[in-house]
Amino acid sequence: MQDDFPGKHHLSGPVRAYSYVRMSTRKQLRGDSLRRQLERSKAFADEHSLLLDDSLQDLGVSAWKGKNFKTGALGRFLAMVESGEIPKGSYLLIESLDRLSREAVPDALTLFMAIINAGIVIATLGEDRQIYSRDRLNGDWTKLIIGLAVMSRGHEESQTKSERVSAANRKKRENAREGKGQITGLTPAWIDAKRIDANHYEFALNHHAETVRAIY
């Protein structure tokens, strides 16, 4: 467990809120996402007199296959909740439920309920602005419908993106085999690409190929 991970030295006092920020790629850091997510968390913590910890971040970590939970900060956070290092009643602040998971709904729901059942209150700070806890869901389970809709939308978006990327890469490979283009903008150092026309390349091994052969 990392010494600087949020909540490790939590003492009795004000209720603590953990702002969870996740982005699939570090390129998004150049945009407005990080600032927006942190500002929303601070505003919520101030409004509800919560002690904010904003060090819970998975930057450049995808939730499509659950990597943020399996090996990322979110998984370490839940482990600390289950061990008692982060007390029940603490808040987990997220922009939207798709920041937690973009897996298929049954898997996303399992993670969501694991956090709820561990005694953590989940607050979404985006357009839906919902607060989820065991007590709230027991009193009004229809709130879960909103959550399920967000989970489904997040999974479908990632599924569509994955299919488009796979199709594009497949097309590039087909074109490369036909001499119509390169799979990427650069060839390996041991291959020269000579442009024949706008859509065709001729590939040939260069002298670096001997080094590759020697390595193998």
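User: Among contacts with a separation of 6 or more, what share joins residues 24 or more positions apart?

Analyst: This is a predicted model, so every value here is computed from it. The count covers contacts in the protein chain with a separation of 6 or more. Residues 24 or more positions apart account for 59%.

User: How many helices and strands does the chain have, and in what pattern?

Analyst: The secondary structure comes to seven helices and seven strands. Read along the sequence, the pattern is β-α-β-α-α-β-α-β-β-α-α-β-β-α.

User: Which strands stand at the edges of the five-stranded sheet?

Analyst: The sheet is open, with mixed pairing and the order β2-β1-β3-β4-β5. An edge strand has a single partner, so one side is left without a neighbour in the sheet. That describes β2 (51-59) and β5.

User: Which residue in β5 is the bridge partner of I122?

Analyst: Strand β4 spans residues 121-124 and pairs with β5. The pairing is antiparallel, over two bridges. For I122, the bridge partner in β5 is Y132.

User: At what angle does α4 run to β4?

Analyst: Helix α4 lies across β3, β4 and β5. Its direction relative to β4 is about 125°.

User: What is the geometry of the aromatic pair between F112 and Y132?

Analyst: The structure holds three aromatic pairs. In the one formed by F112 and Y132, the ring centres are 5.2 Å apart.

User: How many residues apart are F112 and Y132?

Analyst: F112 belongs to helix α4 (residues 105-117). Y132 belongs to strand β5 (residues 131-132). The pair links distant parts of the chain, and the separation is 20 residues.

User: Are F112 and Y132 buried or exposed?

Analyst: The cut-off for buried is under 20% relative accessible area. F112 has 1%, and Y132 has 0%. Both values fall under the cut-off, so F112 and Y132 are buried.

User: Which element gives the largest share of the largest nonpolar core?

Analyst: This core has 27 residues, and F112 and I122 are among those that touch the most other members. The elements that give two or more residues to it are β1 (16-23), α3 (73-83), β3, α4 and α6 (143-177). The largest share is six residues, and it comes from α3.

User: How many residues are in the second core?

Analyst: The second core is separate. Its members include A17, F44, Y91 and A123. The size of this core is 10 residues.

User: Is E95 buried or exposed?

Analyst: E95 sits in the loop between β3 (91-94) and α4. Leaving out residues up to four places away in sequence, E95 touches R36, Q37, R40, T124, L125, G126 and D128. Its relative accessible area is 10%, under the 20% cut-off, so E95 is buried.

User: How far apart are the C-alpha atoms of A209 and A189?

Analyst: A209 is in helix α7 (residues 208-215). A209 counts as buried, at 5% relative accessibility. A189 is 20 residues from A209 along the chain. Their C-alpha atoms are separated by 8.4 Å.

User: What percentage of the accessible surface belongs to carbon and sulfur atoms?

Analyst: Buried residues make up 38% of the 216 residues in the chain. The accessible surface comes to about 12800 Å². The part belonging to carbon and sulfur atoms is 52%.

Key: Residues are numbered from 1 along each chain as its sequence is written. This is a predicted model: local features need pLDDT of at least 70, side-chain atom pairs count only at pLDDT 80 or more; totals for chains, interfaces and linings use all residues. Side-chain values use heavy atoms; hydrogens and water are left out. Rings of Phe, Tyr and Trp (its six-membered ring) pair if their centres lie within 6.5 Å; planes under 30 degrees apart count as stacked, over 60 as edge-to-face and the rest as tilted. Helices (H or I, at least four residues) and strands (E, at least two) are DSSP runs, numbered from the N terminus. Buried means under 20% relative accessible area, exposed over 50%, partly exposed in between (1.4 Å probe, protein chains only). Contact means heavy atoms within 4.5 Å. A nonpolar core is a set of buried Ala, Val, Leu, Ile, Met, Phe, Trp, Tyr and Cys residues joined through side-chain atoms within 4.5 Å. Accessible areas come from the Shrake-Rupley method with a 1.4 Å probe; for residues, only the protein chains shown count as cover. Two strands pair if DSSP finds at least two bridges between them. Axes are lines fitted to C-alpha atoms, for helices over the stretch in contact, and angles run from 0 to 180 degrees between N-to-C directions.
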